[in-house]
Amino acid sequence: MKPDNRFYVYFVPKTHHDLGYTHTIDDLLDAYCSYYDDVLDFCDRTSSYPTEAQYRYTVESFWSLDYYLKHTSDKNRERMKQYVRSGRIEIQAFYANVIDGICSEEEIARLMYRAVSYAKKCGSSVRSAALTDIPGMSNGLIKA
């Protein structure tokens, strides 16, 4: 019996919003606009691949996508909507990184409004949220 020489490569890109850490906010937003164009192009280029090999992306915080949607073409807005609807692009709940220990339940809930509203417009839902760089999980986050 011959050994199976196949191997699998899993490509898991990771981005992280870190406002002002490496670039000015304006430069960062411009970079994200280009980045989201690339995300859409990767989705397009892999659409004919088997389902498990199609490119997928998770938006860390909605603020950069919100900016992109306001500054891109109608065609790209429609492409984004299509990929969110199909589940190839996932929207996370929070508008920005949350310092959850100082937010009230109401503030945490309101940080989810824009992402949830957009996902609904796309015919999708929000199933996850990210807490990055900020340790802890406050009681308010759990209740929200």
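Which side chains meet in a salt bridge at 2.9 Å, N to O? They are those of Asp 41 and Arg 79. By salt bridge I mean a side-chain nitrogen of Lys or Arg within 4 Å of a carboxyl oxygen of Asp or Glu. This pair links distant parts of the chain, 38 residues apart: Asp 41 sits in helix H1 (residues 25-45) and Arg 79 in helix H3 (residues 74-86). Helices are DSSP runs of H or I, at least four residues, numbered from the N terminus.

A word on the source. This is a predicted model, where local features need pLDDT of at least 70 and side-chain atom pairs count only at pLDDT 80 or more, while totals for chains, interfaces and linings use all residues. Residues are numbered from 1 along each chain as its sequence is written, and side-chain values use heavy atoms, with hydrogens and water left out.

Back to the pair. Arg 79 is buried, at 13% relative accessibility, and Asp 41 is partly exposed, at 31%. Buried is under 20% relative accessible area, exposed over 50%, and partly exposed in between, with a 1.4 Å probe and protein chains only.

The whole structure has six salt bridges. Another of them joins Asp 74 to Arg 77 at 2.4 Å, N to O. These two are three residues apart in helix H3, so about one helical turn separates them. Asp 74 is exposed at 59%; Arg 77 is partly exposed at 27%.

Glu 106 and Arg 110 also form a salt bridge, with the closest N and O atoms 2.6 Å apart.
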